[in-house]
Each structure stands twice: as C-alpha cells, then as structure tokens.
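Subject: The structure, and what turned up in it

Hi there,

Here is the structure for you to open on your side.

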Amino acid sequence: MLDRGLEIKTPEQVVAMRRAGLLVGETLELLRSAVRPGISTAELDAVAEDAIRSGGGVPSFKGYHGFPASICASVNDRVVHGIPGADEVLAPGDVISIDCGAIVEGWHGDAAITVAVGEVSAELVELMRVTEESMWRGIAAARLGGRVSDIGHAVETYVRSQGDYGILEDYTGHGIGTEMHLPPNVPNYGKPGKGPKLVRGLALAVEPMITLGSAETDVLDDDWTVVTTDGSRAAHFEHTFALTADGAWVLTALDGGEEALTGLGVPFGGR
C-alpha cells in the first residue's frame, strides 16, 4: 500500500520481509566467521552468494545497476560499495565492511557489518563500536507518530558525543520492501521532527557510515567504490527494521533486535 509515496506493509507482509531479513542476517554471520587474514574479498562474495541461493533467496546486489557481485566489500578507507576481487586479500589489522542484500519471494532485506581482521588498533575497535551503537540509537528513536529525521538526529547526537568522527552525509539509509531502495531517504544527521511520519508498516534501513577523519569522500574509477578523501578508515553498520504496533522489529537481526532495543529501554516490536 502506498501512503504519500511511501510503501506501507501489512503485518503479513512484514512477516514475509522477515524471511528475507533473516537470510541476510544469517549470511552476514557466516561472513563474519569467514573473515581472516589471507582470504580474498572475492572468496567472501562466493560464500555470500552460495548462502543466499541455498537459503532460497536471490542476491539483490548482483546486477543492480550493473554491480557485479553479491556483497559490497569495503576495506579500510573504502567506506561503501567496494567491489570484491580475487586480488584483494585481507591482512591483519584491516577492517572490512560487508554490505549484503537478499530477495525472498519478492521482499528485500539489507544489512551491513564491519569486521576486524585479526588484531586491530584500539581506535578502530572504538570506531566500530561507536558506529554500531549509533545505528541502534537511530533505530531506537523510531517511534510511532515520530518523524524520519528523529532517526538521523539520534545517530548524529550519539556519534558527536563520542568524539571527533566524520559522518557521511551523501550516503543515507532508505525505505525498503518490494524494492531495495524506496523513499524516504534516512540521513545520519539532522534536526528531529522533520520528514515523513513514522507509521505502522513502514520499513527502513538505517546505515551510519562513520570515519576516523573527514567525512569527505571520492568515488574510484570503477564508478562504485567510495573512499575517504583523506585516507582515514571507516566503519559501516546497517539493519532493516519495520515499525509494528508494539515498536521496532529489526528484520535483519537474528533476535529481531530484542537485546539491543530492550537494553536501550524502548519497546521491542518482534514476535
């Protein structure tokens, strides 16, 4: 159902989206365990494609506007949309952001994690923690009757409280459902109380991209890979969630987001 240009799902459709979300979440956990020094990003891509297809889904990234792979694999200063390659081999001290999407019976799930390769510096551990926590703060700010900008405001407020990090502004979260990218955009910054109203059945992907330096970025000659202009390292976390009558249900989290959301003292909308 469309409401002012937004795709609003019925409770049954949200349950259908959960199947896609679980497949994405399970695939990302496989990838997390597969990350190690010496593995190539192309090998990780093969793991992802096999998991998605074996689970009854279709990789939503592969072929999307010509993208050649099933995951985005972005290492170190590559923030997002990195193309996996056989010649890109992970080394100790790297961090890799893995973005993954799947379609199951016409419904999309989309999520991302950043993983350390072996031992990494304390500042990278903290960068990953801040980025992931800011995502959860954004999701927790999504309340029925609120506004979309409440999410980005919560993300930005938390990141700014933790240190001098760069918050990408040109790349945002988004609506999701029968397509991977739907209105509205969900920025990771801004003032609260603006944008479309948060209503039952709205599904959104929240995905902060945070750097250790400037938020300025460039796109490589492959027309996909986004890198930090100053070479600073970055982290990226993402979850897809839907608003239910009881609160947010994180469709790509294996526990539906229950642990994180209840820990933040907000209602959990899963079932």
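R78 is partly exposed, because its relative accessibility is 27%. Please bear in mind that this is a predicted model. The side chain of R78 meets that of E88 in a salt bridge, with 3.8 Å from N to O. Since R78 belongs to strand β5 (residues 78-80) and E88 to the loop between β5 and β6 (95-104), the bridge ties together parts that lie 10 residues apart in sequence. E88 itself counts as buried, because its relative accessible area is 17%, and the cut-off for buried is under 20%.

How many salt bridges does a search of the whole structure find? The search gives 9.

Two of the salt bridges sit within helices. In helix α3 (residues 122-140), R129 and E126 are 3 residues apart, which puts about one helical turn between them. Their closest N and O atoms are 2.8 Å apart, and the two form a salt bridge. R129 is partly exposed at a relative accessible area of 36%, and E126 is partly exposed too, at 28% relative accessibility.

Helix α4 (residues 149-162) holds R160 and E156, 4 residues apart, or about one turn of the helix. The side chains of R160 and E156 meet in a salt bridge at 3.8 Å, N to O. R160 has a relative accessible area of 42% and is therefore partly exposed; E156, with 22%, is partly exposed as well. There is also a network: E49, R53 and K62 are joined into one by salt bridges that share partners.

Now for the cysteines, in case you were wondering about disulfides. A disulfide is a covalent bond between the sulfur atoms of two cysteines. Searching the whole structure finds 0 of them.

D45 is part of helix α2 (residues 41-54), and at 11% relative accessibility D45 counts as buried.

Last, the surface. Which residues gather there in a patch of negative charge? They are E169, D170, E216, D218 and D230. One of them, D218, lies in strand β13 (residues 217-219). D218 counts as partly exposed, because its relative accessibility is 38%.

Best wishes

How values were computed:
Residues are numbered from 1 along each chain as its sequence is written. This is a predicted model: local features need pLDDT of at least 70, side-chain atom pairs count only at pLDDT 80 or more; totals for chains, interfaces and linings use all residues. Side-chain values use heavy atoms; hydrogens and water are left out. Patches are made of residues with over 30% relative accessible area and no salt bridge: like charges are joined within 9 Å, nonpolar side chains (Val, Leu, Ile, Met, Phe, Trp, Tyr) within 5 Å. Accessible areas come from the Shrake-Rupley method with a 1.4 Å probe; for residues, only the protein chains shown count as cover. A salt bridge is a side-chain nitrogen of Lys or Arg within 4 Å of a carboxyl oxygen of Asp or Glu. Lys and Arg count as positive and Asp and Glu as negative; His and the chain ends are not counted. The place of a charge is taken as NZ of Lys, CZ of Arg, CG of Asp or CD of Glu. Buried means under 20% relative accessible area, exposed over 50%, partly exposed in between (1.4 Å probe, protein chains only). A disulfide is a pair of cysteine sulfur atoms within 2.5 Å.
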